[in-house]
Amino acid sequence: MFNQQDLNAPFLMHKELGFGPRFVDRENRVAYPTLANLAIRRRAQFELLAEEMRVLYVALTRPKEKMILLGTVKDASKKALAWSQVKDSPELALPDYLLAAGRSYLDWIGPSLMRHRDAAVLRELAGNHDSFSSCLADDESRWGISIISADQVSREHVVNQTLGEEEGMTDTRKERIAALKAVQPVQLISEEGTDWLVSEIDNRLSWTYPHEAATQVAASTSVTELKTLLAMQEHQPFQVMEELEEHAETLLVQSTPGTNYIEDEAVHGQRGLPVNSARKRLHQDQIGISR
């Protein structure tokens with residue numbers, strides 16, 4: 001289901017439509033939506049659906065070989081019957097009213113598949129065995145549709161189904177399945193000769209990245225962060241920063257003929273940009289060594 005909780009707020013705002021409050025009847029202690037509130041709510045709902053369509057488009061167009069979609073509905077037969085209302089539509093695109101009424105991705109995927117040759121199981125579920133639109137007759141995609149009830153995935157059903165396949169099953173497997181059915185701990189390995197396995201599990205779970213220090217080095221550091229790091233060191237940070245600034249200014253003056261960044265106090269603002277750029281490229285370890 002799409003998240004539309006924001007549409008139920010006491011007041012709504014839109015960048016184009018403005019502010020949409022509710023009208024509050026103080027005597028009867030009841031709030032009513034105003035026309036502005038309804039207009040903004042409708043526009044916001046359409047924009048939300050448009051964004052969900054973009055997300056679905058990206059999901060459907062990225063797989064290279066196979067895509068698996070999972071969805072849940074309360075009543076599969078009722079849902080399939082609602083989807084079948086467009087199975088005879090000759091138009092490739094779904095009607096606007098159906099798109100606007102969508103509350104989940106299945107509300108768009110289901111009606112589209114109703115007209116596909118691989119969706120016989122959906123048409124049968126809806127009680128429609130007759131013909132359907134041929135607008136997707138040339139579609140090259142292949143779909144495998146399975147409908148699984150909640151009872152089929154329950155623990156009791158899975159255990160009973162597994163117990164029914166006892167032929168060729170080892171005694172150990174039978175004991176494990178019986179323990180699962182009784183909701184009891186399952187002994188997966190024997191206690192003898194398992195030291196190597198315990199050691200291997202411990203080594204894998206206690207593994208640490210050997211270059212942990214590298215994860216603490218930032219790709220770029222601002223001047224403020226650089227000053228903070230210097231303040232945590234033993235040397236005097238401000239003196240070092242002054243030396244670095246003078247050194248950077250000297251380099252800039254020498255590399256820019258005809259431009260004096262130091263003598264002219266009116267161009268201090270122009271001087272700040274290159275000085276800060278020079279600071280950001282100095283690594284804190286290099287600063288400590290130069291000091």
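Mentor: Leaving out residues up to four places away in sequence, Leu122 touches Ala80, Trp83, Leu113, Met114, Ile145 and Ile147. Please keep in mind that this is a predicted model.

Trainee: Okay, and which residues make up the largest nonpolar core?
Mentor: That core has 12 residues in all, namely Phe2, Leu49, Leu56, Ala80, Trp83, Trp108, Ile109, Leu113, Met114, Ala119, Leu122 and Ala126. At least two residues of this core come from each of helix 1, helix 2 (76–83) and helix 4.

Trainee: Which helix gives the most to this core?
Mentor: Helix 4 does, and its contribution is three residues.

Trainee: Switching to helix 1, which of its residues are buried?
Mentor: The buried residues in helix 1 are Asn37, Ile40, Gln45, Leu49, Glu52 and Leu56, and what covers them includes strand 1 (12–14), strand 2 (18–20), strand 3 (22–25), strand 4 (30–33), helix 3 (96–100) and helix 4 (106–113).

Trainee: And what span should helix 1 have?
Mentor: With 27 residues (35–61) at 1.5 Å a residue, helix 1 should span 39 Å, and this agrees with its end C-alpha atoms, which are 39 Å apart.

Trainee: One more, is Gln4 buried or exposed?
Mentor: Gln4, which is found in the segment before strand 1, has a relative accessible area of 15%, and because buried means under 20%, Gln4 counts as buried.

Trainee: So what is Gln4 in contact with?
Mentor: Setting aside its neighbours within four places in sequence, Gln4 is in contact with Gln45, Leu48 and Arg103, and Gln45 is one of the buried residues in helix 1.

Definitions and conventions
Residues are numbered from 1 along each chain as its sequence is written. This is a predicted model: local features need pLDDT of at least 70, side-chain atom pairs count only at pLDDT 80 or more; totals for chains, interfaces and linings use all residues. Side-chain values use heavy atoms; hydrogens and water are left out. Helices (H or I, at least four residues) and strands (E, at least two) are DSSP runs, numbered from the N terminus. The expected span of a helix is 1.5 Å times one less than its number of residues. Buried means under 20% relative accessible area, exposed over 50%, partly exposed in between (1.4 Å probe, protein chains only). Contact means heavy atoms within 4.5 Å. A nonpolar core is a set of buried Ala, Val, Leu, Ile, Met, Phe, Trp, Tyr and Cys residues joined through side-chain atoms within 4.5 Å.
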